[in-house]
Amino acid sequence: MMNKFFLTVSVLMMMITSLYAQQESEELYTRAGFKFGANYANITGDIKNTDARVRMHLGAVVEFPISQRFFVQAEVLYTAQGYKVDNGGEENKISLNYLTLPIIAKFYFTNKFSLETGPQLAILANATESAEDTPDEFFDSFNNFDFSWGFGAGYKTETGLFFQLRYNLGLTNINDIDTLDIDFKHSVAQLSVGYLFKTKNNRRQEPNIE
């Protein structure tokens with residue numbers, strides 16, 4: 001009985017080892033694509049009673065393989081953020097739009113599902129408000145640079161279609177008025193859909209029929 005047990009365990013271990021080795025030997029390819037989606041944007045800090053705005057983001061992505069389970073996704077995005085604030089009974093919509101560079105580490109705990117985290121660098125592209133004509137000084141009142149950290153999860157299909165849910169925690173005080181001693185940071189949740197194109201090397205090759 002014990003001999004059969006050890007034989008069965010040995011066979012299973014050999015099968016698992018063989019399968020793992022086969023997976024590890026599979027070639028990995030860098031894939032480029034695009035993504036777009038919705039932002040649920042607000043701020044946190046010394047400014048109170050603000051409301052979130054639903055805005056958008058879009059841009060290009062490149063996924064670099066490090067190992068079978070570990071990838072790095074670099075993105076260049078235009079992302080519209082901001083918040084709403086009550087000015088004497090009138091709602092003022094603040095628009096803060098950025099060019100961002102997220103560098104996201106992705107760990108695939110299954111073939112399709114991943115956990116993701118990484119930094120995001122951002123440059124302020126424009127800043128406007130809805131309450132009145134926006135003066136040039138309004139743009140200058142915000143920090144041109146923003147740094148945040150993203151946490152999220154993703155789902156990628158074999159075709160290259162993928163979905164991502166991410167939260168970007170702002171780490172930079174975006175107030176740039178020296179005489180105004182307040183601190184407030186971005187808080188942005190993102191829901192994205194995108195597509196990674198297959199490269200020439202990892203497209204499925206149809207067998208030649210003679």
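This report describes side-chain contacts and surface features in a predicted model.

**Salt bridges**

Seven salt bridges are found in a search of the whole structure. Lys35, Glu75, Glu116 and Arg166 are joined in a network of such bridges.

| Salt bridge | N to O distance |
|---|---|
| Lys35 and Glu75 | 3.4 Å |
| Glu63 and Lys156 | 2.9 Å |
| Glu75 and Arg166 | 3.0 Å |

The bridge between Lys35 and Glu75 links distant parts of the chain, with Lys35 in strand β1 and Glu75 in strand β4, 40 residues apart. Both Lys35 and Glu75 are buried. Glu75 also forms a salt bridge with Arg166. Arg166 is in strand β8 (residues 161-170) and Glu75 is in strand β4, so this pair ties together parts that are 91 residues apart in sequence. Arg166 is buried, as is Glu75.

A further bridge joins the side chains of Glu63 and Lys156. This pair links Glu63 in strand β3 (residues 53-65) to Lys156 in strand β7 (residues 145-156), 93 residues apart. Glu63 is buried, at a relative accessible area of 1%. Lys156, with 12% relative accessibility, counts as buried because the cut-off is under 20%.

**Polar contacts of Gln73**

Gln73 lies in strand β4 and counts as buried, at 0% relative accessibility. Its side chain makes a polar contact of 2.7 Å with the side chain of Glu75. A second polar contact, at 3.5 Å, runs from the side chain of Gln73 to that of Gln164.

**Aromatic rings and charges**

The whole structure holds seven aromatic pairs. One of them is formed by Phe34 and Phe197, whose ring centres are 6.0 Å apart; their planes are at 50°, so the pair is tilted. Phe34 sits in strand β1 (residues 31-45) and Phe197 in the segment after β9 (184-196), which puts the partners 163 residues apart in the chain. Phe34 is partly exposed, at 35% relative accessible area, and Phe197 is partly exposed at 44%. Ring pairs also bring in Tyr195, making a cluster of Phe34, Tyr195 and Phe197.

Phe109 and Phe113 form a stacked pair, with 6.3 Å from centre to centre and 25° between the planes. Phe109 is partly exposed, with a relative accessible area of 43%, and Phe113 is partly exposed at 42%.

Two lysines are placed over rings. Lys156 lies over the face of Phe71, 5.2 Å from the ring centre; Lys156 is the salt-bridge partner of Glu63. The charged end of Lys106 sits over the ring of Phe162, at 6.0 Å from its centre.

**Surface and backbone**

Val76, Leu99, Leu101, Ile103, Leu121, Ile123 and Phe145 make a nonpolar surface patch of about 600 Å². The elements that give two or more residues to the patch are β5 (90-108) and β6 (113-129). Strand β5 supplies the largest share, three residues. Val76 is located in strand β4 (residues 70-87) and is exposed, with a relative accessible area of 55%.

Most residues other than glycine have a negative phi. Asn49, although not a glycine, has a positive phi of about 60°. Asn49 lies in the loop between β1 and β2 (50-51) and is exposed, with a relative accessible area of 71%.

Notes:
Residues numbered from 1 in each chain as written. Predicted model: local features only at pLDDT ≥ 70, side-chain atom pairs only at ≥ 80, totals over all residues. Heavy atoms only, no water. Patch = residues over 30% accessible without salt bridge, like charges linked within 9 Å, V, L, I, M, F, W, Y side chains within 5 Å. Areas by Shrake-Rupley, 256 points an atom, 1.4 Å probe, with all protein chains shown as cover. Salt bridge = Lys/Arg side-chain N within 4 Å of Asp/Glu carboxyl O. Helix = DSSP H or I, 4+ residues; strand = E, 2+ residues; numbered from the N terminus. Buried < 20%, exposed > 50% of the residue type's maximum accessible area, 1.4 Å probe, protein only. Phe/Tyr/Trp six-rings, centres within 6.5 Å; stacked < 30°, edge-to-face > 60°. Lys NZ or Arg CZ within 6 Å of the ring centre and 35° of its normal. Polar contact = N/O pair within 3.5 Å; in protein donor to acceptor, adjacent residues only side chain to side chain.
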